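Subject: Structure for your review

Dear colleague,

Please find below the structure that I am handing over to you.

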Amino acid sequence: MIKSVIIGLGDIAPVHLAAIASYGGAALAAACDTDPARQKILPPGTPFFTDYRAMLNEVRPDVVHITLPHYLHYPVAKEAAEAGFNVFAEKPLALNYADGLEYAKLEEKTGVKICICLQNRLNATSEKLREILLSDAYGKITGVRGLVAWKRAKQYYDDKPWRALMAKAGGGNMINQALHTLDLMQYFAGAKPKQLRGIIGQLLDYGIEVEDTAAAFIEFENGVTGLFNGSNANAADVPAEIEVICEKATFTIRYQTLYRRDSGGETRLAEDAGSGPGKAVYGNSHEKLIARFYQVLETGSGEYIHPADALPVTWLIEAIRESGLSGKTVRF
Ligand SMILES: NC(=O)c1ccc[n+]([C@@H]2O[C@H](COP(=O)([O-])OP(=O)(O)OC[C@H]3O[C@@H](n4cnc5c(N)ncnc54)[C@H](O)[C@@H]3O)[C@@H](O)[C@H]2O)c1
């Protein structure tokens, strides 16, 4: 039986708790939040701590879920890994690329396993599209496009002030809302970014430090180009849209459904399963990724998403900001 613990009992925590509960061979051994009021989301009787170090020392878990504000991801993962605990950590990898590079060395340095929650790579639509792209059946990929149009009202930042601060969140729309879409653009493009130009800003007058809107033109090493648009100024959360243009067909994921458009018209290819306990736009692949990682912990083999896999998107976010501030092309 895998002994799991979780640090951070905020908005995303119920999604992790549900995934732990639904995995046959795992049990929640304890949970931690600095705010004792958050205990209310736990199953009755769950041991609760306000200090994660005390929890880790006492419980000695098999895996630590990190569902904390962004600035705590890398330091807490580092501490847990160095103490010998496996880690399942929420996105983003880290506040910046330099910390990301250190994070990517942790598995080898410590011998523990660390999975980063880029769960949308496991959506049925993403898996199907990736399989098609790797088959080369539709010719070379020429471009990828990502659109994230969500609504984040002022209340969203007022409720959790860390989300509005550069030092604690590392950014806004890109690192918090559009990260999965930027990650999938790179994943589908199939190569590392080479260079980009970006724009960042605030369309909403909320007095926040982080960007609520961003756009970028990205060039990947294999010649694929990327167009990204992200904003939290939409009237509602609309599922993120991704398009991949190949020589012989164009693939689109919209409203969580994958379509192929070619000379024969439009064909529906796959659909994501309904959402779990989180917001509908999150999808339900948290459960799938957590189960996959737990199987690796049990059997010692299998695929999961390593910290190094999250490096390209970490760079993209930082480079779009840098380009947006300088007005210049940023090279990898
Ligand atoms: N993968 C996804 O699709 C997805 C979706 C939503 C959120 N997230 C990520 O999940 C993370 C958490 O987001 P959220 O919206 O739940 O944030 P949140 O602010 O609602 O929750 C964070 C919790 O951590 C607690 N906390 C802060 N410092 C602590 C410490 N030192 N020790 C213990 N607890 C501490 C806070 O009290 C709070 O309850 C973020 O990284 C976010 O980007 C990922």
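Which residue in E15 is the bridge partner of glutamine 195? In E15, that partner is arginine 331. The model is predicted, so local features need pLDDT of at least 70 and side-chain atom pairs count only at pLDDT 80 or more, while totals for chains, interfaces and linings use all residues. Residues are numbered from 1 along each chain as its sequence is written, and side-chain values use heavy atoms, with hydrogens and water left out.

The sheet

Helices (H or I, at least four residues) and strands (E, at least two) are DSSP runs, numbered from the N terminus. Two strands are taken as paired if DSSP finds at least two bridges between them. On that basis, nine strands form an open sheet of mixed pairing, in the order E14-E13-E12-E11-E7-E10-E9-E8-E15. Strand E14 (265-271) and strand E15 (330-331) stand at the edges with a single partner strand each, so one side of each is left without a neighbour in the sheet. E15 pairs with E8 in the antiparallel sense over two bridges.

Strand E8 (residues 193-201) is also joined to E9 by eight bridges, and these two run antiparallel. Isoleucine 199 stands opposite alanine 215 in E9. Strand E9 (residues 213-220) is mostly covered, with six of its eight residues buried; buried means under 20% relative accessible area, exposed over 50%, and partly exposed in between (1.4 Å probe, protein chains only). Seven bridges join E9 to strand E10 (residues 225-231), again antiparallel. Glutamate 219 has threonine 225 in E10 as its bridge partner. Four residues lie between the strands of this E9 and E10 hairpin, where glycine 223 takes a positive phi near 90 degrees.

Helix H6

The twelve residues of helix H6 (residues 124-135) should span 16 Å at 1.5 Å a residue, and its end C-alpha atoms are 17 Å apart, which agrees. The expected span is 1.5 Å times one less than the number of residues. Thr125, Ser126, Leu129, Ile132 and Leu133 are the buried residues of H6. Seen down the axis, they fall within an arc of 130 degrees, so they line one face of the helix; the arc is that of the directions from the helix axis to the C-beta atoms. Exposed Glu131 and Leu134 are carried on the face of H6 turned away from its buried side.

Pockets and cavities

On a 1 Å grid over the protein atoms alone, a cavity is a set of points where a 1.4 Å probe fits but cannot get out, and a pocket is an open set with protein on both sides within 12 Å along at least five of seven lines; lining residues have an atom within 4 Å of a point. Grid points are joined across faces, edges and corners, and a volume is the space filled by probe spheres set on the points.

- The largest pocket holds about 830 Å³ of space. Of its 37 lining residues, Ile12, Thr67, Leu68, Pro69 and Trp162 lie nearest its centre.
- The second largest pocket holds about 290 Å³. It is lined by 14 residues, with Arg121, Tyr187, Glu303, Tyr304 and Ile305 nearest its centre. H6, helix H10 (179-189) and helix H11 (285-299) are the elements that give two or more residues to this lining.
- Two cavities of 30 Å³ or more are found in the whole structure. Ile132 and Leu133 are among the residues that line the second largest cavity.

Yours sincerely
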